[in-house]
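Subject: Handover of a structure

Dear colleague,

Please find below the structure that I am handing over to you.

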Amino acid sequence: MRSQPITGLTPGVIAELVAEVGPLWHERHRAGLASRPRRRAVGAGAKHKLVFIDRLSATLVHLRHGATHDVPACWFGVDRSTITRAIR
């Protein structure tokens, strides 16, 4: 998303957020997967339909505009529940 009015942030600020928060999110996600007893190996099962930058963009749009989860779901071509999990 290049347009500042959509997210409220410049591309440079978004790049900084991705560089700073992205590795922390991935680490927390992996720790959550490994922290409980599992029936299947870590990484098995359904894969994320949104990469981190898309999850961040959906969250920024939701916070800036107060749009329902249906709006980013249409933009990213995923189900509303996927956006709900991404924003949570």
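The notes below describe what was found, from the whole chain down to single residues.

This is a predicted model, in which local features need pLDDT of at least 70 and side-chain atom pairs count only at pLDDT 80 or more, while totals for chains, interfaces and linings use all residues. Residues are numbered from 1 along each chain as its sequence is written, and side-chain values use heavy atoms, with hydrogens and water left out.

Overall architecture

The chain has 5 helices and 0 strands, where helices (H or I, at least four residues) and strands (E, at least two) are DSSP runs numbered from the N terminus. Along the sequence the pattern reads α-α-α-α-α. Taken along the principal axes, the C-alpha atoms occupy a box of roughly 45 × 25 × 15 Å. Of the 88 residues in the chain, 25% are buried; buried means under 20% relative accessible area, exposed over 50%, and partly exposed in between, with a 1.4 Å probe and protein chains only. Among contacts (heavy atoms within 4.5 Å) between residues at least 6 apart in sequence, 60% join residues at least 24 apart.

In helix α5 (residues 80-87), the buried residues are Thr82, Ile83, Ala86 and Ile87. These residues lie on the same side of α5, because they cover an arc of only 130 degrees around the axis, the arc being that of the directions from the helix axis to the C-beta atoms. The buried residues of α5 pack against α3 (52-65) and α4 (70-76).

The largest nonpolar core has 7 residues in all: Leu50, Ala58, Ala73, Val78, Ile83, Ala86 and Ile87. A nonpolar core is a set of buried Ala, Val, Leu, Ile, Met, Phe, Trp, Tyr and Cys residues joined through side-chain atoms within 4.5 Å. Helix α5 gives the most to this core, with 3 residues. In soluble globular proteins, nonpolar side chains tend to be buried together.

Not counting residues up to four places away in sequence, Ile87 touches Ala58, Thr59, His62 and His69. Thr59, in helix α3, counts as buried because its relative accessibility is 18%. With the same exclusion of sequence neighbours up to four places away, Thr59 touches Ala86 and Ile87.

The largest pocket

The largest pocket holds about 1000 Å³ of space. Of the 28 residues that line this pocket, Trp25, His29, His48, Arg55 and Arg85 are the closest to its centre. (On a 1 Å grid over the protein atoms alone, a pocket is an open set of points where a 1.4 Å probe fits, with protein on both sides within 12 Å along at least five of seven lines; lining residues have an atom within 4 Å of a point. Grid points are joined across faces, edges and corners, and a volume is the space filled by probe spheres set on the points.) Two or more lining residues come from each of α2 (11-34), α3 and α5, and α2 gives the most, with 8 residues.

Two further residues

Arg64 is in helix α3 and is partly exposed, with a relative accessible area of 48%. Leaving aside neighbours within four places in sequence, Arg64 is in contact with Gln4, Pro5, Ile6, Thr7 and Gly8.

Ala19 belongs to helix α2 and is exposed, with a relative accessible area of 56%.

Yours sincerely
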